[in-house]
Amino acid sequence: MSVFTKLTLTEFRLTLRDPLYGFFTLFFPVLLLLILGNVPTMKEAPPELGGLRVIDLYAGLALGLAIGIIGLQGLPSVLATYRERGILRRLATTPARPAILLAAQLVMNLITVLVSMVLVYTVAILAFDVPFPQSPALFLLAVLLNCAGAFSIGLLLAAIAPTGKTANAIGTFLFFPLMFFAGLWAPRELMPEILQRIGDFTPLAAGQDLMTDALTGQSPALLSITVLVGYLVICGAAAVKLFRWE
């Protein structure tokens, strides 16, 4: 078994020891969907949604919630704590280099997102007749780009935060406004024009737009792709520049 595989499995085991993390990334999005799906207004189809029901959009938002929790709170908190406790420094003297640990963390979190995606959309399709994405490949690409945007911000937070608690606090501070612009409290299409335009340039909203495009079979919005790739390049480069292993 390779060092990378061992580290990835170890990260999974450590994550499973934290039931709250598993609950909020895997089961809370499903629970939120089940609650909202039984609200009568969620089954309405306002004209602004182009024939979609509100619950059809909230399936993607529930997945975006998991991506936001992992990318903005879980990932930066764990990595900052590892550096704070000297774990990364000790790994530097073993075959398990810190960079391999970072890759293992990213893979573990990405797999968690994919599991959450399967759970959310299985429940959404079976319980609320949410349509299967007309462009499955585009939908998967949208999820991966959404993760890229959120995870790159998380890596930047992990790079600049002195402690795990600080990383979690900053991530939480960013999480709520970003989820607001993504449409968690009200669908983006029903927001005032200025809030929609601001949301266009936030990562979780851009990811939500791409998932909606895939759901309806539309061509992906170039602006959304550009925004997410921009976050990946800018925040990723800054994280590489500022990240300290010790």
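Predicted model: local features only at pLDDT ≥ 70, side-chain atom pairs only at ≥ 80, totals over all residues.

Student: Then why is Phe23 called partly exposed?

Tutor: Phe23 has a relative accessible area of 32%. That is between the 20% and 50% cut-offs, so Phe23 counts as partly exposed. The label also goes to Phe24 at 35% and to Phe28 at 26%.

Student: What makes the pair of Phe23 and Phe24 edge-to-face?

Tutor: Two values, a distance and an angle. Ring centres have to lie within 6.5 Å, and planes over 60 degrees apart count as edge-to-face. The centres of Phe23 and Phe24 are 5.1 Å apart with the planes at 80°, so the pair passes on both counts.

Student: And what is the pair of Phe23 and Phe28 called, stacked or tilted?

Tutor: Tilted: Phe23 and Phe28 are 6.1 Å apart centre to centre, with 50° between the planes. Stacked would need under 30 degrees and edge-to-face over 60, so an angle in between is tilted. Together, Phe23, Phe24 and Phe28 form one aromatic cluster. A search of the whole structure turns up seven aromatic pairs.

Student: Which residues make the nonpolar surface patch?

Tutor: Among them are Phe23, Phe24, Phe27, Val107 and Val115, and the patch covers about 900 Å². Helices α2 (19–37) and α5 (98–128) are the elements that give two or more residues. The biggest contribution is from α2, with six residues.

Student: How many residues are in the largest nonpolar core?

Tutor: That core has 69 residues, and those with the most contacts inside it include Tyr58, Leu63 and Phe139. Helix α3 supplies the largest share, 16 residues.

Student: Now charges. Why do Asp200 and Arg188 count as a salt bridge?

Tutor: The closest N and O atoms of Asp200 and Arg188 are 2.5 Å apart. The cut-off is 4 Å, so the pair qualifies. Asp200 lies in the loop between α8 (193–199) and α9, and Arg188 in the loop between α7 and α8, so the bridge ties together parts twelve residues apart in sequence.

Student: Is Asp200 buried or exposed?

Tutor: Buried: the relative accessible area of Asp200 is 10%, under the 20% limit. Arg188 is buried too.

Student: What makes Arg197 part of a network?

Tutor: Arg197 bridges to Glu193, with the closest N and O atoms 2.2 Å apart, and to Asp200, at 2.8 Å. Shared partners like these join Arg188, Glu193, Arg197, Asp200 and Asp209 into one network. Arg197 and Glu193 both lie in helix α8, four residues apart, about one turn of the helix.

Note on methods. Residues numbered from 1 in each chain as written. Heavy atoms only, no water. Patch = residues over 30% accessible without salt bridge, like charges linked within 9 Å, V, L, I, M, F, W, Y side chains within 5 Å. Areas by Shrake-Rupley, 256 points an atom, 1.4 Å probe, with all protein chains shown as cover. Salt bridge = Lys/Arg side-chain N within 4 Å of Asp/Glu carboxyl O. Phe/Tyr/Trp six-rings, centres within 6.5 Å; stacked < 30°, edge-to-face > 60°. Buried < 20%, exposed > 50% of the residue type's maximum accessible area, 1.4 Å probe, protein only. Core = buried A, V, L, I, M, F, W, Y, C linked by side-chain atoms within 4.5 Å.
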